[in-house]
Amino acid sequence: MSRNNHHFQQLFNKNEIKIYSKHIENSVIKTSSMGRLFDAAAFILGFKNPILFEGEAGMYLEKLAQEAFSKSTVKLKDYLQDEKITNLIPTKTLLLNLNKAVKNNTQIENAALNFHYTLVKCIEKIARHKKSKHLAFSGGVFQNTVLIDLIIDHLKPKYKLHFHEMLSPNDENISFGQLSHYLHLKKLKHGYS
């Protein structure tokens, strides 16, 4: 049994490991949620508790990254530097590289900061490929101050950045968007301007 499998067996029961291994092997676990990516990264960097509320693991990751970010001596590293990214972030490669950094004794605070920095570099690569000049950020992950600070530090000179000002970037905006869409359709139907 590999060291990694032994580690997982300490955290999951036999049935959970069997299901998880099958899903990983068949690549059926898919998500478009940045929050789930943050959960996975937090797990790699030591968050082992059951998640009690949405964003808890992400807050753990942000706290680690903040510790490194507050030190001006940390050299930032893009864990996907050699990847050509045009549309999708190769999350499996990112998580494997993060895990490799931890195994190579990178301090977990530095690894957490580099995870955040890698995401910023991914945003930049995709924006460059799409020839975008305006970038809008929404979703719960964009309450993460380290991520926002890195975005501003590294992307502001090149792009027009748009962040929430009147509403939080959380799921409340789903209902706000639905209401806005309904009002727009109602306006069209009744000929309001």
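**Exercise 1. Determine which residues the ring pairs link into a cluster, and classify the pairs within it.**

Ring pairs link Phe-137, Phe-142 and Phe-163 into a cluster, where rings of Phe, Tyr and Trp (its six-membered ring) pair if their centres lie within 6.5 Å, and planes under 30 degrees apart count as stacked, over 60 as edge-to-face and the rest as tilted. The model is predicted, so local features need pLDDT of at least 70 and side-chain atom pairs count only at pLDDT 80 or more, while totals for chains, interfaces and linings use all residues. Residues are numbered from 1 along each chain as its sequence is written, and side-chain values use heavy atoms, with hydrogens and water left out.

Step 1. By this rule the count comes to four aromatic pairs. The rings of Phe-137 and Phe-142 have centres 5.3 Å apart and planes at 55°, so this pair is tilted.

Step 2. Phe-137 and Phe-163, by contrast, form a stacked pair, with 5.1 Å from centre to centre and 15° between the planes. This pair links distant parts of the chain, 26 residues apart, since Phe-137 belongs to the loop between strand S1 (134-136) and helix H7 (145-155), and Phe-163 to the loop between strand S2 (160-162) and helix H8 (172-190); helices (H or I, at least four residues) and strands (E, at least two) are DSSP runs, numbered from the N terminus.

**Exercise 2. Decide whether Phe-137 and Phe-163 are buried, partly exposed or exposed.**

Step 1. Buried means under 20% relative accessible area, exposed over 50%, and partly exposed in between (1.4 Å probe, protein chains only).

Step 2. Phe-137 has a relative accessible area of 6% and is therefore buried, whereas Phe-163, with 28%, is partly exposed. Phe-142 is buried, as is Phe-137.
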